Amino acid sequence: MGLSLFDITGRIALVTGSTHGLGMAMAEGLGKAGATIIVNGNSSQKKIDQAIKYYKSLGIKAKGYKFDVTDEVAVKEAIEKIQTEIGLIDILINNAGIIKRTPLEEMEVADFREVIDVDLVSPFIVSKHVVKSMINRKQGKIINICSMMSELGRNTVGAYAAAKGGLKMLTQNMATEWARHNIQVNGIGPGYFATSQTDLIRVEGHPFNEFILNRTPAAKWGDPNDLAGTAIYLASKASDFVNGHIVYVDGGILATIGKPSNEV
Ligand code: GCO
């Protein structure tokens, strides 16, 4: 068996929000492991084209589709187009997400709803339309990108925590309903990573940057490439009997209550 357990050559992987950040890093990992990557974004065709150029520069087979993951009509049309032009989707990574950092008492309801819509409802929408062919084929892999906020709260990210906490339970329920069809649904919970989403709170000397470096046993921000191995594992035969689990790639944050800032 050996490395063939992790071989996903020829598999078709849709990664939502894969024009940058963690989505791109995970898609790159799957692509280097042999999968054909379906790149998704909704901001601009230019960003999708730039991402495709990057993937292809690495020798990865990739094609881009611009659609809004919160719009069920657009998602249904895109999935049908992908299946016609490329083939049936074997691996789905629900990665697209947003965050709004506002104290709950100040947060507009519309902003709260938008975070829930993108981070929680869209994984349901995309999975609902991808899973149909997986059920028919009795095979599939769905990976929902959760968060430390699937387990812990933090000031100003209440909407995001509600969404990511819900996504953890949605992952468990998808696993409950679809495991009988040989579809493995799991999640990845990234700790704190160096991406555009954390640019503002990662500045040297910023209190939050100091907090994370002290709170993380590995004493560093994660590199997006640290997620590729877990993505390949959950997308391959190596995880065929793993269902409903969130694998935290967090440098040890969830393992500890932390230490006083003056302790080495
Ligand atoms: C924040 C961060 C986190 C990380 C990640 C942690 O404001 O606390 O943006 O939400 O992005 O989700 O798992």
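**A tour around the ligand**

Select the ligand and its shell: the residues around it split into eight nonpolar, four polar and two charged (Ala, Val, Leu, Ile, Met, Phe, Trp, Tyr, Cys and Pro count as nonpolar, Asp, Glu, Lys and Arg as charged, and the others, Gly among them, as polar). What you have open is a predicted model, where local features need pLDDT of at least 70, side-chain atom pairs count only at pLDDT 80 or more, and totals for chains, interfaces and linings use all residues. Residues are numbered from 1 along each chain as its sequence is written, and side-chain values use heavy atoms, with hydrogens and water left out.

Now show R101, R154, Y160, P190 and Q197, the closest of the 14 residues surrounding the ligand (a residue is near if one of its heavy atoms lies within 4 Å).

Next, pick out the polar contacts (pairs of N or O atoms within 3.5 Å). Start at R101: an N or O atom in its side chain is 2.6 Å from a ligand oxygen. Hop to P190, where a polar backbone atom also lies 2.6 Å from an oxygen of the ligand. At M148, look for a polar backbone atom 2.8 Å from a ligand oxygen. Taken alone the ligand exposes 330 Å², and the protein buries 95% of that (Shrake-Rupley method, 1.4 Å probe).

Last, jump to T156, in the loop between β5 (140–145) and α5 (158–178) (DSSP runs: helices are H or I, at least four residues; strands are E, at least two). T156 isn't a glycine, yet its phi is positive, about 80 degrees.

Key. A polar contact is a pair of N or O atoms within 3.5 Å; within protein, one must be able to donate a hydrogen and the other to accept it, and residues adjacent in sequence count only if both atoms are side-chain atoms.
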